[in-house]
Amino acid sequence: MANDDSGKIGINTLLAHSGNNPHDYFGFVNPPVVHASTVLFRNAASMAARSQKYTYGTRGTPTTDALAQAIDALEGSAGTIVVPSGLAAVTVPLLAFLSAGDHVLIVDSVYHPTRNFADTMLKRLAVEVEYYDPHIGAGIAALIKPNTKVVFTESPASNTFEVQDIPAIAKAAHDAGAIVMMDNTWATPLYFRPLDHGVDISIHAATKYPAGHSDVLLGTVSANEGCWKQLYESFCTLGCCSGPDDVYQVLRGLRTMGVRLDHHQRSALDIAGWLEGQEGVARVLHPALPSHPDHGLWKRDFCGSSGIFSIVLAGGGQAQQHAFLDALRIFGLGYSWGGYESLAVPVWLGDRVVATARYEGPLIRLQIGLEDVEDLKTDIRRGLAAAAAA
Ligand SMILES: Cc1ncc(COP(=O)(O)O)c(C=O)c1O
């Protein structure tokens, strides 16, 4: 399918057909998995001029191109790099666009390893790191300094699911000459297209919904025209390329991502709404619920919700949180999300410096998998009963 059709067709058609052209490889519907370091040149002149499409495995292969082109079709981006993890999809663009003496603004509710990278490596490289409130919106203008080069956003927030006013932040950043990056893993480009809302660089842990089966680590970073060259050159400089089998697995995952996400969305909303009426639950932090304080913003900008949200227990502390988690039989206790199976984790908010809202009790993050909803509710009932008895 030609990429210039991508604006007119439905999302599942796009997911089924974007990336590779089967007729580039004998008509096989899937692209070859190219295991590559060396690429041969026909003669010394073409080697000197590097005048062929592929020159060395680190710089791209037909397999990485197939995934990158599929992601470009979803994101509306000028180019996409594929890196070995979601965390690398955060660190590579930050390294690509920040230099010693620059200032970066990072949302305080960011994924913890992003903060850890900023607080250790970026600070060691003499980058000034500052955190801001996820609800800041246009108010970010007051924090922007002459040396602010990047505003890093993640929406909804990790663990607490505040929604950021991305268009307002992007406008303020651009007015001051800074670029905007967004970790958009929660929504995927199916439910939010960052570049359409003013973001310059869209980041995904493809480990989650694109891979979908808890067996691959991968990240993608997609840039608009203005940022693409610098992103790609930095990616090549860092040598941060990915293995072809993992790249292929994510392209394979993309083909079914639309139907899986739809199921995750429906099950998560059903369970989240049901949880609001359960004894022992003070609040459900899911932006697609009308009770969520940022529901209006979510509704304005997003066109869907995925399968991960948090609950706040009605009082108690770690004993109740652990009792809930230990009583679960279907939900596994494990990090990550976006796979076929349900997971639960205790939420720790001790790293926050600005977004320090108080909650009624301990928080638990739930990733709703593809199991039957009634079974998941039964499991959660076991958790709530155990927490009440603790
Ligand atoms: C929002 C967000 N971004 C990035 C990542 C990192 O992804 P990976 O596990 O592939 O490094 C995660 C992982 O949980 C995440 O939740």
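His204 stands opposite Thr220 in strand E7. E7 pairs with E6 in the antiparallel sense, over five bridges; two strands count as a pair if DSSP finds at least two bridges between them. This is a predicted model, where local features need pLDDT of at least 70 and side-chain atom pairs count only at pLDDT 80 or more, while totals for chains, interfaces and linings use all residues. Residues are numbered from 1 along each chain as its sequence is written, and side-chain values use heavy atoms, with hydrogens and water left out.

**The sheet**
- Seven strands make an open sheet with mixed pairing, in the order E1-E7-E6-E5-E4-E2-E3; strands (E, at least two residues) and helices (H or I, at least four) are DSSP runs, numbered from the N terminus.
- E1 and E3 (128-132) sit at the edges with a single partner strand each, so one side of each has no neighbour in the sheet.
- On average, neighbouring strands of this sheet are turned by 20° against each other, direction ignored; axes are lines fitted to C-alpha atoms, for helices over the stretch in contact, and angles run from 0 to 180 degrees between N-to-C directions.

**Helices on the sheet**
- Helix H5 (residues 112-124) packs on the sheet and touches E2 (103-107), E3 and E4 (148-154), where contact means heavy atoms within 4.5 Å.
- The direction of H5 makes about 155° with that of E3.
- Helix H8 (residues 225-238) also packs on the sheet, touching E1, E5 (179-183), E6 and E7, and its direction makes about 30° with that of E1.

**Helix H3**
- Twelve of the 14 residues of H3 are buried, so the rest of the structure largely encloses this helix; buried means under 20% relative accessible area (1.4 Å probe, protein chains only).
- Among the buried ones are Thr63, Asp65, Leu67 and Glu75.
- The buried residues of H3 pack against H1 (11-17), E1 (79-83), H7 (188-191), E6 (201-205), E7 (219-223) and H9 (244-276).
- Just after H3 comes Gly76, with a positive phi of about 70°.

**The largest pocket**
- Which residues lie nearest the centre of the largest pocket? They are Tyr111, His112, Ser158, Asn159 and Arg365, out of 38 lining residues.
- H4 (86-97), H5 and E11 (343-346) are the elements that give two or more residues to the lining of the largest pocket.
- H4 gives the most to that lining, with three residues.
- A pocket is, on a 1 Å grid over the protein atoms alone, an open set of points where a 1.4 Å probe fits, with protein on both sides within 12 Å along at least five of seven lines; lining residues have an atom within 4 Å of a point.

Conventions. Buried means under 20% relative accessible area, exposed over 50%, partly exposed in between (1.4 Å probe, protein chains only).
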